[in-house]
Every structure is written in C-alpha cells, then in structure tokens.
Amino acid sequence: MSRTQVWFNDVELTSLFLVSDLRQPLLPKTVVTSDVPGKDGSLFLGARLAPRTIKLTLTVRDTTVSGLQDAARELAAILNVDEPKPLKLSIDGGLYYMAVPNAPSDGTRFLRAVRYDVEFLLSDPVAYGDEQSATVPSGGSVTFEVDGTYPTLPTITASAAK
C-alpha cells in the first residue's frame, strides 16, 4: 500500500513533512426543519451540503532545535494564505478542494520533531476536477467529462456568426 500524498497550493507537503492522521468527513449536511404546533417531531424543509473540515497532522523532523524552528517557519509560510487555495489528496484520484488552512493549537514537541494539527476549511464542500474545454463543430454537438463531485454548469462562449 502506498502512502497518501498531500499537496496544498501546489506544494507537496508529504515531501517536506510527515503527514499522518488524515480525517475527512464523508458528507456533512445542514438540515433545516421547523417545529409545527401539534405535530410530533418537526417538518423537514430542506438540506444542503455543509462546509467541511479536512484535518491532518504534520510532523516536522530535524536533529537540531534551530532546524525544527526553520522547518516550522517554512510550514507556516506555506499555510499562510488569505483565500482558498487547492488542496489535493492522492486518494481522491486527481480531484481537489479549495481550502483555507488553520493550525489553532500549539505544536507537540518531541526530542527531534514537532507535530502540528492542521485543519483545512472547505467553505465550498465539493471536489473539483480539472478544467475542461471542448470545441463544438459547426452544426454539431460534443460530449465531455468534467469529473468533480457536484453538478457542473458549463461556460459557453461563441464567436460571432459569419
């Protein structure tokens, strides 16, 4: 079995740090209900996908205290973004998420390592596939696959008719 590779903002975290304890919720939902007088339970009004949080542990290893600090600063620089960036897990078959990382707790120190718990907030909880494009021949049609985990609405551009 091969190890799971993780990329964030085009940086392979698994080549720089030990990645472990990946926790990925399957399908969080926000369910809306309403209490109705005289009715047992509640009335179901709808459901939608809720934001997701992918959690993992990143361990920085080095033989010196200054090396650990340098690696921790490098990790902080990689994770320091102010808008969602692509988060890709090798187990997702090429799909990616748009995520903002958060490492709210102190690192756990060991003799030659420091471990950080990192959460990636996916405010848009769907996975994206690679962008695709297709040219429709004059008077014809075309079929193409987008992938991802949510219905995709295509963007259509057309040149002026001649």
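**View 1. Tyr96 and Tyr128, a stacked aromatic pair.** In this predicted model, Tyr96 is partly exposed, and its relative accessible area is 23%. Its partner is Tyr128: the two form a stacked aromatic pair, 5.6 Å centre to centre with 20 degrees between the planes. Here the pairing joins distant parts of the chain, since Tyr96 belongs to strand S8 and Tyr128 to the segment after S10, 32 residues apart. Tyr128 is likewise partly exposed, with a relative accessible area of 29%.

**View 2. Phe8 and Phe120, a tilted aromatic pair.** The count of aromatic pairs comes to two, and this view turns to the pair made by Phe8 and Phe120, which is tilted: 5.3 Å separates the centres and 50 degrees the planes. Follow the chain and you will find Phe8 in strand S1 (residues 6–8) and Phe120 in strand S10, 112 residues apart. Phe8 is buried, at 0% relative accessible area, and Phe120 is buried too, at 0%.

**View 3. Lys88 over the ring of Trp7.** Have a look at the charged end of Lys88, which sits over the Trp7 ring at 5.5 Å from the ring centre.

View 4. Asp70 is partly exposed, with 46% relative accessible area.

View 5. Side chains of opposite charge can pair when their charged atoms come close. Arg23 and Asp21 meet in a salt bridge of 2.6 Å, N to O. Arg23 is partly exposed at 32% relative accessible area, and Asp21 is partly exposed at 48%. Glu83 forms a salt bridge with Lys85, where the closest N and O atoms are 3.2 Å apart. Glu83 counts as partly exposed at 42% relative accessibility, as does Lys85 at 22%.

**View 6. The second largest pocket and its lining.** This pocket holds about 160 Å³ of space. Two or more lining residues come from each of H2, strand S8 (96–102) and strand S10 (113–122). H2 contributes the most, with four residues. Among the lining residues you can pick out Ala72, Leu75, Pro101, Asn102, Tyr116 and Val118. Sorted by class, the lining has eight nonpolar residues, two polar and no charged ones.

Note on methods: Residues numbered from 1 in each chain as written. Predicted model: local features only at pLDDT ≥ 70, side-chain atom pairs only at ≥ 80, totals over all residues. Heavy atoms only, no water. Salt bridge = Lys/Arg side-chain N within 4 Å of Asp/Glu carboxyl O. Buried < 20%, exposed > 50% of the residue type's maximum accessible area, 1.4 Å probe, protein only. 1 Å grid on protein atoms, 1.4 Å probe; cavity = no way out; pocket = protein on both sides within 12 Å on 5 of 7 lines; lining within 4 Å. Points joined across faces, edges and corners; volume = space filled by probe spheres on them. Nonpolar A, V, L, I, M, F, W, Y, C, P; charged D, E, K, R; others polar. Phe/Tyr/Trp six-rings, centres within 6.5 Å; stacked < 30°, edge-to-face > 60°. Lys NZ or Arg CZ within 6 Å of the ring centre and 35° of its normal.
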